[in-house]
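Grab a pencil and work through the exercises below with the model open beside you. Each task comes with a solution that goes step by step.

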Amino acid sequence: MKPGARNQIRAKVTSVTRGEVMSLVKFEAEAPAAMASVLTSESVDELALQVGDRVTLLVKAVHVMPVKE
């Protein structure tokens, strides 16, 4: 399935702080910027996100949605 958001930023996962239900994932964007996203821990598991992974950040409204490459 192709994501629909047009604003895409290439980034690397720099940290994953897991909670019981939600996890905080921080990113280092290739453009000079840093971003973070709060997503369910289930989503972190489904994407198998780990520190050092390369992802594309889809920016839509106030949400940052990681898509693993």
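**Exercise 1. Among contacts in the protein chain between residues at least 6 apart in sequence, what share joins residues at least 24 apart?**

Step 1. Contact here means heavy atoms within 4.5 Å. Step 2. Among pairs at least 6 apart in sequence, 40% join residues at least 24 apart.

Before going on, some ground rules. This is a predicted model, so local features need pLDDT of at least 70 and side-chain atom pairs count only at pLDDT 80 or more, while totals for chains, interfaces and linings use all residues. Residues are numbered from 1 along each chain as its sequence is written, and side-chain values use heavy atoms, with hydrogens and water left out.

**Exercise 2. Which residues make up the largest nonpolar core?**

Step 1. The term covers a set of buried Ala, Val, Leu, Ile, Met, Phe, Trp, Tyr and Cys residues joined through side-chain atoms within 4.5 Å. Step 2. The largest such core has 10 residues: A11, V13, V25, F27, L39, V44, L49, V55, L57 and V64. Step 3. Two or more residues each come from β1 (7–18), β2 (22–29) and β4. Step 4. Now zoom in on V13: leaving out residues up to four places away in sequence, V13 touches V25, K26, F27, L49, Q50, V51, G52, D53 and V55. As background, nonpolar side chains tend to be buried together in soluble globular proteins.

**Exercise 3. How many salt bridges does a search of the whole structure find?**

Step 1. Look for a side-chain nitrogen of Lys or Arg within 4 Å of a carboxyl oxygen of Asp or Glu. Step 2. The search turns up 2 salt bridges. Step 3. One is between D45 and R18, with the closest N and O atoms 3.0 Å apart. D45 sits in helix α1 (residues 41–47) and R18 in strand β1, so this pair ties together parts that are 27 residues apart in sequence. R18 is partly exposed, at 47% relative accessible area. Step 4. K68 and D53 also meet in a salt bridge, at 3.1 Å from N to O. This pair links distant parts of the chain, with K68 in strand β5 (residues 63–68) and D53 in the loop between α1 and β4, 15 residues apart. K68 is partly exposed at 34% relative accessible area.

**Exercise 4. Is D53 buried or exposed, and what does its side chain reach?**

Step 1. With a relative accessible area of 16%, D53 is buried. Step 2. Its side chain reaches the backbone nitrogen of Q50 at 2.8 Å. Step 3. Setting aside neighbours within four places in sequence, D53 is in contact with A11, K12, V13, A48 and K68. Step 4. Take A48 from that list: it is in the loop between α1 and β4, is partly exposed at 37% relative accessibility, and has a positive phi of about 50° although it is not a glycine.

**Exercise 5. Which residues make the nonpolar surface patch of about 280 Å²?**

Step 1. Patches are made of residues with over 30% relative accessible area and no salt bridge; like charges are joined within 9 Å, and nonpolar side chains (Val, Leu, Ile, Met, Phe, Trp, Tyr) within 5 Å. Step 2. V21, M22 and V38 make this one. Step 3. V38, in strand β3 (residues 33–40), is exposed at 55% relative accessible area. Step 4. M22, in strand β2, is partly exposed at 39% relative accessibility. Not counting residues up to four places away in sequence, M22 touches V38, L39, T40 and S41.

Key
Accessible areas come from the Shrake-Rupley method with a 1.4 Å probe; for residues, only the protein chains shown count as cover. Helices (H or I, at least four residues) and strands (E, at least two) are DSSP runs, numbered from the N terminus. Buried means under 20% relative accessible area, exposed over 50%, partly exposed in between (1.4 Å probe, protein chains only). A polar contact is a pair of N or O atoms within 3.5 Å; within protein, one must be able to donate a hydrogen and the other to accept it, and residues adjacent in sequence count only if both atoms are side-chain atoms.
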